[in-house]
Structures are given as structure tokens and as C-alpha cells.
Amino acid sequence: MKNILIFLVKGYKKIISPILPPSCRYYPTCSSYMITAIKKHGAFLGTIMGIARIIRCNPFVKGGYDEVPDRFSIFRNKKSQSEYRKSMHLK
């Protein structure tokens, strides 16, 4: 099941995504996030995390760096954001 979901997301990235204007407010992109989440947390939980990320990716959020956390969560990974800012010497 994991491989099927990853195949579908990669198909989206290769076929559909280039047609649409870039709109993801996060890095890594939502599709890359979903692939990593599925690999790390399995088909069911990874898909839930990916869908939650897509819902969070809207014009009302600032966006920024948000990697897949080691533990399941549907919320933004605040730890990765603070680590990213430290590495970039930002406040």
C-alpha cells in the first residue's frame, strides 16, 4: 500500500504539478512531505499527516521550513522550524 501511495504522489509531482503554478508555502513541498511521511510513518498515518499538511498550506499561513517529525502529529513541526532558523542564523 505504501508503494502505491508513493507512486501516486510521484505521478502527481511529475504530471500534474508542472501544469499548476507553484503555491506551496512550506519547504519541503507538500508532495515531498507526504512521501517522506508515508515512508516514515506508514501508509495510513503518513497519508493523514500529508493531508493535514495540505490543509495547513493556505494563504493565511506564513509557511517556511517544516520537515516530517519523528513522532506522528498533524500539527506543524515547531522543532524543525527553530532548528532551521538557528542554522540560518535567523531570529
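Biologist: Among contacts between residues at least 6 apart in sequence, what percentage join residues at least 24 apart?
Modeller: The figure for the chain is 56%, where a contact means heavy atoms within 4.5 Å. This is a predicted model, in which local features need pLDDT of at least 70 and side-chain atom pairs count only at pLDDT 80 or more, while totals for chains, interfaces and linings use all residues. Residues are numbered from 1 along each chain as its sequence is written, and side-chain values use heavy atoms, with hydrogens and water left out.

Biologist: How many helices and strands are there in the chain?
Modeller: The chain has 4 helices and 2 strands, and from the N terminus on they run α-β-α-α-β-α. These are DSSP runs numbered from the N terminus: helices are H or I with at least four residues, strands are E with at least two.

Biologist: And what share of the 91 residues is buried?
Modeller: Buried residues account for 32% of them. Buried means under 20% relative accessible area, exposed means over 50%, and partly exposed lies in between, with a 1.4 Å probe and protein chains only.

Biologist: At what angle do helix 1 and helix 2 pack?
Modeller: Helix 1 (residues 2-16) and helix 2 (residues 30-41) meet at about 170 degrees, and their axes are 10 Å apart. The axes are lines fitted to C-alpha atoms, for helices over the stretch in contact, and the angle between N-to-C directions runs from 0 to 180 degrees. The two helices are therefore roughly antiparallel; angles over 145 degrees count as such, under 35 as roughly parallel, 65 to 115 as roughly perpendicular and the rest as oblique.

Biologist: Which residues make that contact?
Modeller: Helix 1 contributes K2, L5, I6, V9, K10, Y12 and K13, and helix 2 contributes S31, S32, M34, I35, I38 and K39. By class, 7 of the contact residues are nonpolar, 2 are polar and 4 are charged. Here Ala, Val, Leu, Ile, Met, Phe, Trp, Tyr, Cys and Pro count as nonpolar, Asp, Glu, Lys and Arg as charged, and the others, Gly among them, as polar.

Biologist: Which residues make up the largest nonpolar core?
Modeller: That core has 7 residues in all: L5, I6, V9, M34, I35, I38 and A43. The elements giving two or more residues to it are helix 1 and helix 2. A nonpolar core is a set of buried Ala, Val, Leu, Ile, Met, Phe, Trp, Tyr and Cys residues joined through side-chain atoms within 4.5 Å. In soluble globular proteins, nonpolar side chains tend to be buried together.

Biologist: What does I6 touch?
Modeller: Not counting residues up to four places away in sequence, I6 touches I35, I38 and K39.

Biologist: Y12 was in your list too; is Y12 buried or partly exposed?
Modeller: Y12 has a relative accessible area of 36%, so it is partly exposed. Apart from residues up to four places away in sequence, Y12 touches S17, P18, L20 and S31. The C-alpha atoms of Y12 and S31 are separated by 8.2 Å, although the two residues are 19 apart along the chain.

Biologist: Changing topic, which residues of helix 3 are buried?
Modeller: They are A43, G46, M49, G50, A52, R53 and R56, and they pack against helix 1, strand 1 and helix 2. Helix 3 has 14 residues and reaches 20 Å from first to last C-alpha, close to the 20 Å expected at 1.5 Å a residue. The expected span is 1.5 Å times one less than the number of residues.

Biologist: Where is V68 placed, and what is it in contact with?
Modeller: V68 is in the loop between strand 2 and helix 4, and at 7% relative accessibility it counts as buried. Leaving aside neighbours within four places in sequence, its contacts are Y33, T36, A37, K40, H41, M49 and N77.

Biologist: Where does D66 lie?
Modeller: D66 lies in the loop between strand 2 (64-65) and helix 4 (78-87), and it counts as buried at 0% relative accessibility.

Biologist: Lastly, what joins Y27 and P28?
Modeller: A cis peptide bond joins them, with omega about -5 degrees. P28 is in the loop between strand 1 (26-27) and helix 2. Just after helix 2, G42 takes a positive phi of about 95 degrees. Most residues other than glycine have a negative phi, and most peptide bonds are trans.
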